[in-house]
Amino acid sequence: MLRRRETLVLIVTFALLAIVPYIASITEVPFYLDLGRRMMILAIGALSLNLIMGYGGMISFGHAVFVGIGAYVIGICAEHELVTGFIQWPLALLACAVFAFIFGAISLRTRGVYFIMITLALAQMMYFLGVSLDRYGGDDGLPLAEPSDFSGLIDLGDKNSLYYLIFVLLLLCLWICKRLVNSRFGMVIQGARSNETRMQAIGFPVFRYQLTAFVIAGVMAGLAGILLANHTDFVNPDMMHWTRSGDLIIMVLLGGMGSLAGPIVGALVFILLEEALSGVTEYWQLIFGPFLILVVLFARGGLLGFLEKRGSSEEDDG
Amino acid sequence: MADIVLKVEKLRKSFGGVLATDDLSLSVETGKIHAVIGPNGAGKTTMIAQLAGALNSDSGRVLFDGEDISGMAPPARSRRGIARTFQITSIFHEFTALENVALAVQAHDGHSFRFWRAAREEARLYEPALAALETVGLADRANITARNLSHGEHRQLEIAMALATKPKLLLLDEPMAGMGAEESQKMVSILNRLKGDHTILLIEHDMDAVFALADQITVLVYGNSIASGMPDEIRANEEVRTAYLGDEGTAN
């Protein structure tokens, strides 16, 4: 359920994101547009991770692998002059679904630290596969000859169009997540996070539900990858590196795990801080690290949790 | 002959060299409360775990409704109508009492690959859930987050969750554990109300409660049944008195 304060945060966030292209054009700083796109793409990635991590209790340390797979399918298709988005996109999402199914089926046999380690290992495996793919640029990556083509429907080469497409898709993903977590399916994965033994005892075969959640999250992350490839006109193995998965986890924690607005706010704040701090010093992580520790220590539910707590005196509970 | 809903045949389970369940056989009749008593470490909770499917047995069979369910996992057994409560409270702490029970209802209302409709707005989940809460006297606490309920209320909630799965057999693992006299009394009256409509296998240390409720009592010592019969027979049984009732029976 969305709380009032959370809804307010979302409205403000999306209102700000909506006017970014306008601001970029009047200030004549196209970089803002670029920044906004990157924020929203990562917000989709964080949103998808939050489905399994925040709601399902499955801490995947390899989630960026699906971003990478989505992006690579677009890159490889384009390399073979298959540029129509009507084929590229479904293909990329399908590839993510297949890989998520396999990776999920393997890693969900374990729990806790082992789950973290297996998801990490599988993702690193794909990272090194990417590095070894000499045909597709190997270590250096693969430039995207042209963006996905939607034959006149929308021109992704136009940076404003791409911006608004990402904006709409982020909203769509948010809506899907909201429906999912409140559905019967959502109750099952949350129940399994809370008490798996109990779930088994009342009759839920939880594995199949967790695996389904893992696949849904993988596909959504794949969408972020598709957009990322079109955004940067470039694909490289680094997108799948474990540090990228770590970034996604940080975004979710920063914004607030298990809330809908949390990952979006987390992604935005993460990118903003990265930009602002790296402008100050090359060692921006020296400042970012302690900030993150403070958030985790003093705002357990992330920035969103902090806001909720602040506002709870004015709100009726539940 | 009365209907037998659960038949346990020569069930065995050992942990390392310790036999927790040693060739245990017993039968539970439909509609009866069958109590299993025994000193600490007699293997009562192990037996419940074996019956619910949480622990695999080394050998022996469990027949439920005539079907051999020995190799089945907990969800499959739950689907066939076995519900259990836990000795140490096991609930969903983040959910409200009502949501806890609604989830149990949901588990037995077809598959849960339903991704779109808000579960909390479904009357077919929440009406039976509220009814189960009423049965255990928790209806007025329905919207309290489970974490904030008292210990006694947690135990009641466990029963409500078990009832919500419309079980043919309830396995209750010390429902009065850790309760004060007043709470215990309340639990006895709840179980009394269930009597007749439900078949219950009850593990309990509180002898007053056991003798007040049970139709049949089995005494477990070192994983084996040393006696089984009506409460009066058990009370009179010499072997039981020395093995178990001796100290505790007179202490009460």
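Where is the place of Ser228(B)? Ser228(B) sits in strand 10 of chain B, residues 224-229; strands are DSSP runs of E with at least two residues, helices are runs of H or I with at least four, and both are numbered from the N terminus. The model is predicted, so local features need pLDDT of at least 70 and side-chain atom pairs count only at pLDDT 80 or more, while totals for chains, interfaces and linings use all residues. Residues are numbered from 1 along each chain as its sequence is written, and chains are lettered from A in the order in which they are written.

Ser228(B) has 18 C-beta neighbours inside 10 Å and therefore counts as partly exposed (20 or more other C-beta atoms within 10 Å make a residue buried, 12 or fewer exposed, with C-beta atoms placed from the backbone). Beyond its neighbours within four places in sequence, Ser228(B) is in contact with Leu26(B) and Thr218(B), where contact means C-beta atoms, placed from the backbone, within 7 Å. The C-alpha atom of Ser228(B) is 9.0 Å from that of Val36(B), 192 residues apart along the chain.

The contact between the chains takes 22 residues from chain A and 29 residues from chain B. On the side of chain A that touches chain B, helices 6, 7, 8 and 9 of chain A each give two or more residues. Helix 7 of chain A supplies the largest share, six residues.

Helix 9 of chain A covers residues 206-232. Of its 27 residues, 22 are buried, so helix 9 of chain A is largely enclosed by the rest of the structure. After helix 9 of chain A comes Asp233(A), with a positive phi near 55 degrees.

Technical notes. Contact = placed C-beta atoms within 7 Å.
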